[in-house]
Amino acid sequence: MARRLDSLASTLGAAVLPGRVEPSRPVDSVVALDDFSVAVHPSFATLVIGERDELLEALAAGDARARALADAVLVTGADDPALRTVLADAGVTALVGAPDRGSAILPTLVALLAADQAAEDRLVTNGTKVLTQVARRGGAKAVIAELAHRIDGWAVLLDAYGQVITTAGAGGLHVQDAVAVAFNRPVRVRHPGLQVHPVGPGEDLTAILVIASRESSTSRARDLASQAAALLDLVLRTHDHTGTERLGRAVMVDTLLAGGAEASALLRRWGVRERSLTAFALSSRSKGVDLERLVTRWLDELGAVHVVTEAHDRVLGFLRDDQVDAFARKAMEFALDGSAVLRLGLGSSAPGDALARSASEARQAHDSAVADARTVVRYRALPTVALVLERLDADATAGIADLLDPLRGADGAHGELLQTLRVYLVEHGALGATASTLGVHRQTLASRLHRVEELTGLSLSDPDDRTAAWLALRALER
């Protein structure tokens, strides 16, 4: 929002004499010659107003003030060849030739900059209001996503130990740079101009916010980030579940997936008395939604026990069979408000000691919801893939899954190549969307896909091969 030097020259009707300061540089301060001592900021222009002879005398003094004056922009109503020659020889940028304004040059410029600052303040105020609104709805993730949008850049939120809590608009290199500047690590930072904002007081640090903005107004980005940091401190302290609680629920859900008598006993201790449950898998296309917080609120409204865990930007949980329809309606209603799009997959009812099948079905239904851009998909309504797999015995299913064995790592486990293939197929082969979901560069994505083709012998440009790969992925989940 800061006014550029050439814009102010046009408003005054003055000519710009080129020098050390570029005409495109934003202006952040204007002073009379008598009040000038030093240029305020190297990235902004400082305007110094004075009479012709007074400016030339001060410039020729040869002292520290004269050297500082040469880095500022001189403004005077006079304009003549001798003046232009002296300024050009000194390499000084100047605005000259606004005689009709005379003594009004200074108040005119002060008023213009004050109006710009007021507009800047209004933008910060409005931005802070929006950040507060999204915090109520989506927590820390929503605040970071909105902040990155408003500063036209990226934002990384780290915990006190340097672990990423959430990011928006940031790739792998951005995160590395954020960690480096936040903890003063002696490594090369590839993105200059990063701002670091502590979240919480120094002796009780909650997190660290690092931002980078492409805007010309660094002050607005700084002010918004400062407000966001204060808001995040409140959100993280009052709303987010602790890491210990998350880990505990994840371990308990793993026990349920393992099945058997231990799973049934755990459900009873968890307060679930039903003999059967239905699994769900939920994700959002927007990082502005804190899924775990959203699901927790829905379960509270339904009077349901919080049998949920979050991993890989997806919430997996279990519902009473009679709560499934109400839960699905909440997902549909949330999507209808236009703020975000959810993807919900629902399994079929399963006994409490054998919930792994329902969870696998929910994941498959979720993947289908993502692939078909649908809000809610029930496993029982899935078309041919589920039908085919249900009619195959264990050996045949394993044989189909073996197609992807070449993608396993040295430890025998599947890793980034399988995930890359999965996201690529879910995004219908759209490279841009796939790279964005994975958080990698398009060139990195192309290299991984080429490696998948080399190892499996599949051609991802062939519809039959893509179908075979998707069938193998589904078989792996059974």
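At 28% relative accessibility, valine 16 counts as partly exposed, where buried means under 20% relative accessible area, exposed over 50% and partly exposed in between, with a 1.4 Å probe and protein chains only. The model is predicted, so that local features need pLDDT of at least 70 and side-chain atom pairs count only at pLDDT 80 or more, while totals for chains, interfaces and linings use all residues. Residues are numbered from 1 along each chain as its sequence is written, and side-chain values use heavy atoms, with hydrogens and water left out.

Valine 16 belongs to strand E1, residues 15-17; helices (H or I, at least four residues) and strands (E, at least two) are DSSP runs, numbered from the N terminus. Not counting residues up to four places away in sequence, valine 16 touches Ala9, Pro23, Ala94 and Leu95, a contact being heavy atoms within 4.5 Å. Valine 16 and threonine 93 are 77 residues apart in sequence, and their C-alpha atoms are 7.3 Å apart in space.

Threonine 166, in strand E7 (residues 164-168), counts as buried because its relative accessibility is 8%. With residues up to four places away in sequence again left out, threonine 166 touches Ala140, Lys141, Ile144, Val156 and Leu157.

Helix H15 (residues 416-426) has nine of its 11 residues buried, and it is therefore largely enclosed by the rest of the structure. Among the buried residues of H15 are Leu417, Arg422 and Tyr424, and the cover over the buried residues includes helices H12 (356-372), H16 (431-438), H17 (442-456) and H18 (463-476). Just after H15, histidine 428 takes a positive phi of about 60°.

Side chains of opposite charge can pair when their charged atoms come close. A search of the whole structure finds 18 salt bridges, each defined as a side-chain nitrogen of Lys or Arg within 4 Å of a carboxyl oxygen of Asp or Glu. One of them joins lysine 330 to glutamate 301, with the closest N and O atoms 2.6 Å apart. This pair links distant parts of the chain, as lysine 330 is in helix H11 (residues 324-336) and glutamate 301 in helix H10 (residues 291-302), 29 residues apart. Lysine 330 is buried, with a relative accessible area of 19%, whereas glutamate 301 is partly exposed, at 48%. Another salt bridge connects arginine 378 and aspartate 325 (3.0 Å, N to O); arginine 378 lies in strand E15 (residues 376-378) and aspartate 325 in helix H11, so this pair ties together parts that are 53 residues apart in sequence.
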